[in-house]
Amino acid sequence: MERSFPVGKENPTLDYYNQNAQSFINSTVNVEFSFMQDHFLELLPANALILDFGCGCGRDTRYFLERGYRVRAVDGSREQCRFTAEFTGIPVEQMLFQELNETGWDQRDNNVKSNL
């Protein structure tokens, strides 16, 4: 789901990530982060549903999926969402942080939010 901003309402952060997506992806997708990812997963029950908000290149989303967790991947950048969907094989939602409350996610029990 692609978002657009009203005319005159720029978002410099999203503009940066959209314009520099490939550079960001190249610099983060292969970063060895398993120590932190494994520590995070140790705290969860098997098959937990993880919200990877700000999923970026999808590195963590893919890691969690490969270990049997369910993941809802979300990012504000349309370019990051496109890459992550291809990289992980799951749909990735484009959403801004301030839109999360509208989804009701924060009202559900037993959900885990991640932005490692």
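How many bridges join β1 to β2? I counted five bridges between β1 and β2, and the two strands run parallel; helices (H or I, at least four residues) and strands (E, at least two) are DSSP runs numbered from the N terminus, and two strands pair if DSSP finds at least two bridges between them.

Before going on, I noted that this is a predicted model, in which local features need pLDDT of at least 70, side-chain atom pairs count only at pLDDT 80 or more, and totals for chains, interfaces and linings use all residues. Residues are numbered from 1 along each chain as its sequence is written, and side-chain values use heavy atoms, with hydrogens and water left out.

I then looked up the confidence: the mean pLDDT (the predictor's confidence in each residue, from 0 to 100) is 84 for the chain, and 81% of the residues reach 70 or more. Confidence is highest in helix α4 (residues 59-66), at a mean of 97, and lowest in strand β4 (residues 111-114), at 54. Where pLDDT is low, the predicted coordinates should not be read in detail.

Returning to β2 (residues 70-75), I found five of its six residues buried, that is, under 20% relative accessible area with a 1.4 Å probe and protein chains only. V74 of β2 is the bridge partner of F53, while D75 has Q94 in β3 as its bridge partner. β2 and β3 (residues 92-94) pair in the parallel sense over three bridges.

For the pocket, I recorded that 24 residues line the largest one, with Y17, G54, C55, G56 and D75 nearest its centre. A pocket here is an open set of points on a 1 Å grid over the protein atoms alone, where a 1.4 Å probe fits, with protein on both sides within 12 Å along at least five of seven lines, and lining residues have an atom within 4 Å of a point. α1 gives the most to this lining, with three residues.

Definitions and conventions:
Buried means under 20% relative accessible area, exposed over 50%, partly exposed in between (1.4 Å probe, protein chains only).
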